[in-house]
Amino acid sequence: MASEKQMKAQMRTIPKSVARRIVLAHQGLDKVRPFGRGRRGVLAAIEHLGYVQIDTISVTERAHNHVLWSRVPDFTQQHLLDLQKRDRKVFEYWAHAAAYLPMKDYRFCIPTMEHFRHHRDGWPKSDRKVKQYVLDRIKTEGPLKSRDFAHPEKRRETSWWDWKPTKLALQRLFLAGDLMISHREGFQRVYDLADRILPDDIDTRPPRLEEFARYLIFNAIRAHGLVRSQEVSYLRKGMGAEVRRTLGDLLENGDVIAVAVKGINGTFYSSEDVLEESVRITRRARLLSPFDNAVIQRGRLSDLFGFDYQIEMYVPGPKRKYGYYCLPILLGDRFIGRVDVKADRRSALLRIIHLHVEAGVSEDDAPAMAEGIRLFAEFNACKEIMVERTSPGQWKPLLRSLL
């Protein structure tokens, strides 16, 4: 393992501006179509990013659709459905949250499945008989949704396998890897036996501890370009020490490079190829999902971009500073604002409830911002845009004139 002295001697130092460009390029936010088009582009995006978080909130298009559209402009939900149900190229499981993941990475979810199978988690347990009942029904009847286990009201009081226990059993069997999600109907999960979903050529051998750590490290470098040790092991219980040890070995072998970013504490890790890339960022405004891979690590976002951001939907209304569903706005390599927004599907209206523009942003950026809002409205099938409030106030008439 490389010593601290050796690591400092070999460390590269780069300015923050270069670090920002590297990170955005590896997140697929440097070009209009970094991963191509259509279903192939969607698969390429998921495989490159490593995961795309699923979220139930539907104030605008749901988070997973939003993240993919931000990188594949002609994205449709059918692309994702085909990749999951027909092609079996992506699957749903737990990353740091519920997510779509590349099927080729399935074996690296097995440690988490084992964690749940052996009840090492603190989640509610499920009765063994109920789980067997659920498995038997799916084996016999084929893929089922949780509501398929709901009994008529008159039977619920007398049936020990009524809806709530079977719903919990479905979740436990899914987390343990016995069941997988075949696809979704609407937003309802459709469960099937894992053996009937997994392609024949998928490796199902559990990874060794060091192998798992290497996977996490190189996944993170591919997706972000620059990563810190704690970001690699984020919410990976028990992996922090192994990630640090493996990073030391990789440094000693020259497989990764230690990087200092001017003005930021801590050591980042990258590779020679990444640091030699020439990156140009398209000057395009993007309204990003609050669950976007590029912004989910709030400390990293603040350190690299000077943008302090949090989701306020879980904050009591009177205490909110920016709004219930506030989206970060990226222009080039700067976060220039955030917007509390709602898509009213019935009236095909995108409501700009409150736009907050960062200090120092020029009104010359208004046309690019307006174009970003217009594209986001189209993505949400909204034909009209209403600007209700802005801070500073002069942006309201400016944006209205542009939209």
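I count Ala, Val, Leu, Ile, Met, Phe, Trp, Tyr, Cys and Pro as nonpolar, Asp, Glu, Lys and Arg as charged, and the others, Gly among them, as polar.

**Ground rules.** This is a predicted model: local features need pLDDT of at least 70, side-chain atom pairs count only at pLDDT 80 or more, and totals for chains, interfaces and linings use all residues. Residues are numbered from 1 along each chain as its sequence is written, and side-chain values use heavy atoms, with hydrogens and water left out.

**Cavities.** I searched the whole structure and found 2 cavities of 30 Å³ or more. On a 1 Å grid over the protein atoms alone, a cavity is a set of points where a 1.4 Å probe fits but cannot get out; lining residues have an atom within 4 Å of a point. A volume is the space filled by probe spheres set on the points.

The largest cavity has about 460 Å³. Its lining has 28 residues, and Tyr51, Ala220, Glu231, Val232 and Arg236 sit closest to the centre. I sorted that lining into 16 nonpolar, 7 polar and 5 charged residues. Helix 11 gives the most, 7 residues. Helices here are DSSP runs (H or I, at least four residues), as are strands (E, at least two), numbered from the N terminus.

The second largest cavity holds about 90 Å³. Among its lining residues I noted Trp69, Arg284 and Leu375. Strand 10 gives the most to this lining, with 3 residues.

**Pocket.** Next I looked up the largest pocket, of about 510 Å³. A pocket is an open set of points with protein on both sides within 12 Å along at least five of seven lines. Of its 20 lining residues, Thr112, His115, Leu235, Arg236 and Lys237 lie nearest the centre. Helix 6 supplies the largest share, 5 residues. The lining divides into 10 nonpolar, 4 polar and 6 charged.

**Helix 6.** After helix 6 comes His119, with a positive phi near 55°.

**Core.** The largest nonpolar core has 131 residues; Tyr93, Val134 and Leu226 are among those with the most contacts inside it. Such a core is a set of buried Ala, Val, Leu, Ile, Met, Phe, Trp, Tyr and Cys residues joined through side-chain atoms within 4.5 Å. I then checked Leu226: beyond four places in sequence, its contacts (heavy atoms within 4.5 Å) include Ile14, Phe268 and Arg300.

Definitions and conventions
Buried < 20%, exposed > 50% of the residue type's maximum accessible area, 1.4 Å probe, protein only.
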